[in-house]
Amino acid sequence: MQSEYDVIVIGGGPAGYAAAIRAAQLGLKTACIDKRLDAKGKPAFGGTCLNVGCIPSKTLLDISHKFVDARDKFSSLGINVADPSIDIAKMQKQKQQVVGRLVRGISGLFKSAGVDALPGTGTLHSGPGVEYAPHDGDSSRLSAANVILAPGSVPVELEKIPLTENAIVDSTGALEFSEPPARLGIIGAGIIGLELGSVWGRLGSEVCLLEAMDEFLPMLDQEIAGQAKKLFARQGMDIRLGARVLGADVGKDGVALEFSDATGTHTQTFDRVIVAVGRRPYTQDLLSPNCGVVPDERGFIAVDDDCSTGVPHVFAVGDAVRGPMLAHKATHEGVMVVERIAGHKPSVNYDCIPNVIYTHPEIAWIGLSEEEARGRGLDTEVGRFPFVANGRALASSEAEGQVKVITDAASERICGVTAMGPSASELIAEAAIAMEFDASAEDLGLTVFAHPTLSEALHEAALDAFGAAIHMPSSR
Ligand code: FAD
Ligand code: AMP
């Protein structure tokens, strides 16, 4: 029997919506089901990323950073702005406008590509078939030649620290504060905790991050992590490592958090607390008992390198499968799967996925850190260049941080780049291109970079990897 759809995608986040658009471009009859509703109860495609993740957080980070510049920096540059203040309601309205625009954009893209947007819940059945339950109306069974599961993730909750309406919130709640809490406690000093701490700290909160691990940002180059921790402390973020939060007591004076560290058990009271201890795959209502796909003990859907679940014609992509929980990784997986369905042979290069922390300065990395490269037994050459020696960084009064380029001496290839500094999130794309094309540090050295640009810091770090940096003494 002919299926109604060539492809049904369940989940309309960066993994799912990109998969659906690409599938339609390739001439496949496609539907995308997403259950998310916005605050007004209207369907909102775009997933975590557009609605409660990347986009709203980056909007708040950008506005709060501009405010701090106006308050703390402008006068030193000769710009006099009398006593700047922040209108949080207006900032939140701006954030909502950005989100709304992008969410509407997805509907527009679906329309022009010819994707059927189906708001409601999708459940995989054997076949593969999909039960579609619209928000209002009766469920129906849709048949599909291929189903792509892209259900994404939700914040991890701590059993002993349940969320409350106002006092204890997750990342979604922390994007909605109507004023900076005077004392803000954040459980978890990972990427999301640091970004949200930056936003509210800049706007006036006294921020304390309690992190269970002894190491700060263990996935990051540890030299850069140490420098970042000092910079964040200078910005007023009190980061306590080795501090495991055990429980919370919500009272009149705020939330009393109980935590243990090397010196014993302590209690500290905050006006509000953000639980930022990671995310977990979200598979509620996604899988019927007969569908053949069973999540592993941590809730992830097991897939191979091509994102196949092992059940014929059923694929899974994005945050719900192994690998970093990042929007761009999710998108690439979604696109890769539909291109393979259409008979092409792309793959995702998991060794070449950039990571960014959108603090100030930004921290971005790709490939191996110095420690990871050494841990793999590689004979490494490390090139460094500090932004304080970069003309453009100085010209824009943004000279904190450095770029590190790690090369494998045997193959001469660049195997990792870490950058902390101005526009590190943009700069890491240049490193991604270099690594994707298997460039050596010398290849980057031979490439002409415009002057004066921040990118020259990457150029000089690559030159430094073989002792040829011009604007600083060799670090080798
Ligand atoms: P999601 O975006 O979670 O989308 C899945 C969608 O599927 C959801 O809308 C869900 O409602 C829907 N769904 C699930 N099950 C069903 C079902 N059965 N039926 C119908 N619909 C269903 N990543 C970055 O790369 N850069 C960043 O700067 C960044 N910042 C972030 C900031 C915050 C505060 C947070 C929380 C996350 C951030 N992330 C960032 C992570 C990023 O948002 C995720 O990696 C990305 O959204 C994953 O995409 P996805 O498509 O796999 O899942
Ligand atoms: P990420 O995975 O980047 O979102 O970071 C989440 C962080 O929260 C990790 O670094 C965890 O170590 C930390 N974490 C998890 N549980 C606790 C806890 N009970 N107390 C303090 N930190 C925690």
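Glu 211 first: an N or O atom of its side chain lies 2.6 Å from an oxygen atom of ligand 2. That is a polar contact, meaning a pair of N or O atoms within 3.5 Å. This is a predicted model, where local features need pLDDT of at least 70, side-chain atom pairs count only at pLDDT 80 or more, and totals for chains, interfaces and linings use all residues. Side-chain values use heavy atoms, without hydrogens and water, residues are numbered from 1 along each chain as its sequence is written, and chains are lettered from A and ligands numbered from 1 in the order written.

A polar backbone atom of Ala 212 is 3.1 Å from a nitrogen atom of ligand 2, and a backbone N or O atom of Val 245 is 3.0 Å from a nitrogen atom of the ligand. Alone, ligand 2 exposes 510 Å², of which the protein buries 76% (Shrake-Rupley areas, 1.4 Å probe).

Which residues come nearest to ligand 2? Of the 14 around it, they are Gly 188, Glu 211, Ala 212, Met 213 and Val 245; "around" means a heavy atom within 4 Å. The shell has nine nonpolar, three polar and two charged residues, with Gly counted as polar.

Now the helices. Helix 1, residues 14–25, and helix 8, residues 327–341, have axes that come within 7 Å and cross at roughly 30°. Those axes are lines fitted to C-alpha atoms over the stretch in contact, with angles from 0 to 180 degrees between N-to-C directions; helices are DSSP runs (H or I) of at least four residues. The contact, heavy atoms within 4.5 Å, includes Ala 15 and Arg 22 of helix 1 and Gly 334 and Glu 339 of helix 8.

Terms used. A polar contact is a pair of N or O atoms within 3.5 Å; within protein, one must be able to donate a hydrogen and the other to accept it, and residues adjacent in sequence count only if both atoms are side-chain atoms. Helices (H or I, at least four residues) and strands (E, at least two) are DSSP runs, numbered from the N terminus.
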